[in-house]
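Keep the chain in view while you read this short report.

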Amino acid sequence: FKCCPPIREGANQDELWAGLADGTLDMIVSDHSPSTIDLKHLESGDFGVAWGGVASVQVSLAAIWTAARERGFSLGQVSHWMSQAPAAQAGLPHKGNLVVGADADLIAFAADESFVVNASDLQHKNAITAYAGKELTGVVRQTWVRGRRVDIHGDPHGELLTRPTA
């Protein structure tokens, strides 16, 4: 799998977790760069022309939570790294916090439930994943955006969020 930055050895990954623990790093984010099989150019095996993205947005919370809890981090820390800190960085004061006046963006999360990733179960446009066959912990049961329950089979709703100007 090709992505940028590239997947590195375990020691490098441990250093990233140490950076989160000591505050050197303050958030976990993803650009969600999915790809179709044809853009990976599997027939040639040429890494130079293969698309450099790994679709993972649907399993990102479970992937991070699985690794975080193995290292003794709390769900509160993961929530901060994946919601509060990115919202603050993006200048979105009504996002990332569960406080009066903020948008009611919530999930119901079964933190102790495990599942095996099956690419055909993903809702990604291009259902290929580096996590295929991997057991992850944490299942999102339901999502609410601005207090409105999200129905993945219904009409999408939302709005474009932009950074406020000074």
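Two strands count as paired if DSSP finds at least two bridges between them. Helices (H or I, at least four residues) and strands (E, at least two) are DSSP runs, numbered from the N terminus. This is a predicted model: local features need pLDDT of at least 70, side-chain atom pairs count only at pLDDT 80 or more, and totals for chains, interfaces and linings use all residues. Residues are numbered from 1 along each chain as its sequence is written, and side-chain values use heavy atoms, with hydrogens and water left out.

**The elements**

The protein has three helices and three strands. From the N terminus on, their order is α-α-α-β-β-β.

The three strands form an open sheet in the order 1-2-3, with antiparallel pairing. Strand 1 and strand 3 stand at the edges, each with a single partner strand, so one side of each has no neighbour in the sheet. Helix 2 (residues 60-70) packs on this sheet and touches strand 1 and strand 2. Contact here means heavy atoms within 4.5 Å. The direction of helix 2 makes about 130° with that of strand 2. For such angles, axes are lines fitted to C-alpha atoms, for helices over the stretch in contact, and the angles run from 0 to 180 degrees between N-to-C directions.

Here are the two pairings.

| Strands | Residues | Bridges |
|---|---|---|
| Strand 1 and strand 2 | 106-116 and 135-145 | eight bridges |
| Strand 2 and strand 3 | strand 3: 148-149 | two bridges |

Strands of a sheet pair through backbone hydrogen bonds, either parallel or antiparallel.

**The whole protein**

The C-alpha trace spans about 55 × 40 × 40 Å along its principal axes. Of the 166 residues, 27% are buried, that is, under 20% relative accessible area with a 1.4 Å probe, counting protein chains only. Among contacts between residues at least 6 apart in sequence, 62% join residues at least 24 apart.

Definitions and conventions: Buried < 20%, exposed > 50% of the residue type's maximum accessible area, 1.4 Å probe, protein only.
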